[in-house]
Amino acid sequence: MLFTTTLLAALIATAEAAKDRRTFAVLRHYGKGPLTTCRADPIINPGAPSAHLHTIMGASGFGLNSTGEDLMNSRCTTAKPKADKSAYWFPTLFFKDPEDGHFEQVNFFYMNVYYFFEATDDDIKAFPVGLQMLSGNAAQRAPPSGGGRQNLDPSKGPVQPAQITCPRGNFDPPSWPENSDGTMAGMGDPNNKGSGVGFPFQDCDGYASPMRMDLHFPSCYNPAAGLTNYKNNMAFPSSAGNGKVNCPKGWIHVPHIFYEVYWDTHKLLPRYQHMLGKESPFVWANGDTTGYSIHGDFISGWDEKALQQIIDSNCDAGHAGIHSCPGLIGGVNDDSEDCTIECPIQEATSGNLAKLPGNNPLTGWKYGAGTGGGNGGNNPAPEPPVIKTPTVAPPAPAPTSTFKADPPPPPPTKPTSSQLPVGGGDGDYHETVEVPAPQPTSTKAAPPPPPPPAVETPKPEPEPIPAPVEGKKTTTVWETETVWATTTVYGKPPKPTAKPSPSQDTKAVGDFKYAGCYRDSEARVLSGEIRPNLGRISNSNCVEYCASKGFSAAGTEYGGQCYCGNALSKVEKIPESECSMTCEGAADEKCGGGWALSVFTKTGTVNAAKRSVRGHGHAHFRRSSGHGHGHHFHL
């Protein structure tokens, strides 16, 4: 009996560890903008100004020397779940004025962080506090060897985790020059007209959805490498068959995060319209004019207990947000509040600038192949900062990586301009770094500035190289068959209703009757015509279009997609609550949901088609007119 009981318990534990399908939840941020915009990067340049400017989201404990424990002691975070005090950051986007050559920040629109919980035989674990991750390559100026495609499968060539998505109402002419080899212009994704690598040469005019930076992070953590060895501690998982992906033995499977960052590029169109089709006016803060150097950083400040509860409950909140996961520990931040900090580097970063913060030269394409202010290239000498004598604040409370139900201690006194946080959360160690404001450029080279008197200035390293990990050398052989699919949506993803939507059975559009809510797939169950370009989608304009083309069935999905056909390749009716997204073109209608079609047919019933449809292997899936604004899911 003891043996049977023990065996049963082991089998249950194994079943709980295995995950047969991917789930996801979007981490949303609140407030009026980023946490801060600052030349700080505690992973690459700890304790000193970083080579280029970053836009930073997350916990108020972010600073030049921040660790996971510092973040855990933050007084606030931009993340909706109070239990997430992680730091998320990425390069700031600038506009180079074609009239005077000056630079100004492009308005940061918003950021989503997708948390994918992959189908796997592994036991998915919460990020350990202090885990440091970096994805992308800040020194990249040459075109990716894989062209415009995104690749997260190491067995299929070099990993290319980054793309730019450019939603547009019309893709003629294309966003990236046709047949570009990447040496003087970016390259479009052959599988999706709305995505590619490098800055597009057209205006991204999608409804409420301007140019977007897309970046995936790996989800296998190697504890032998350690939390801060960002060069060696992470890898993408390999295929285990049946749609599952597993990590190497001894590694820990953690959530797969994906950055989706929007910049309001469209409002600048009148100032660069004459450049369309020829070049791009945009440049990353590191001086990269190609757009190839997309990269992002992450330090985990999650309360491990709270994140593990989200994982173990198989939360599949989707676009409703991770803050809506059942049983969420710690509560949700109030949207009416704000969480911001001042940057400890005192320099001009906004307005009309003669040069980029950090004095990064323009590089790439017509400017040459230098790497500028990247993390691994030949960085220009940054403006010499003057570092004042640090002052010591009272020590912060002892950190903990598990959530405490008691209210947090009151925030420390707001620092004065000479006592801005550099590290150690919102208390601990404070200092101010002053950098001269950028001056107008001159045709003559200015003499080098004299060193600051009686002050030893720490010099930012281009990229600190972690010490080698002791122990056995590990060689990992990848055998991956990861399948990704793509779909595109204009605008912010419409929020599902809080309650299941009522049945639309009594609703009809013209001669078509509502047939119900049905599961879609990557191969598309209605594939007669996929996502015709109808502008803002409603059930009415989708049905009318499909009927005009002779189809007997129409379906809407994700609030902004239309599909036509005569029969469903796979019939799986699902609850009406899954078709609860408000239509972009009709606020009183529901247009499907995530992988969920609101189906209308002439008879009000659904026919099944017997045919084989093959999907394409691509890096992520998108919604709406087939090309533009993409929401990304790991299958």
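1. Phe90 is buried, at 0% relative accessibility. Buried means under 20% relative accessible area, exposed over 50%, and partly exposed in between (1.4 Å probe, protein chains only). Tyr259 also has a relative accessible area of 0%, so Tyr259 counts as buried.

2. This is a predicted model: local features need pLDDT of at least 70, side-chain atom pairs count only at pLDDT 80 or more, and totals for chains, interfaces and linings use all residues. Residues are numbered from 1 along each chain as its sequence is written, and side-chain values use heavy atoms, with hydrogens and water left out.

3. The whole structure holds 26 aromatic pairs. Rings of Phe, Tyr and Trp (its six-membered ring) pair if their centres lie within 6.5 Å; planes under 30 degrees apart are stacked, over 60 edge-to-face, and the rest tilted. Phe90 and Tyr259 have ring centres 6.4 Å apart and planes at 70°, so this pair is edge-to-face. Phe90 sits in strand β4 (residues 87-91) and Tyr259 in strand β18 (residues 256-263), so the pair ties together parts 169 residues apart in sequence. Helices (H or I, at least four residues) and strands (E, at least two) are DSSP runs, numbered from the N terminus.

4. Phe90 and Tyr259 belong to one aromatic cluster, with members including Tyr88, Phe108, Trp263 and Trp302.

5. An open sheet has three strands, ordered β14-β13-β17, with antiparallel pairing. Strands pair if DSSP finds at least two bridges between them. β14 (234-235) and β17 (252-253) are the edge strands, each pairing on one side only.

6. Strand β13 (residues 220-221) pairs with β14 over two bridges, in the antiparallel sense. Cys220 stands opposite Ala235 in β14.
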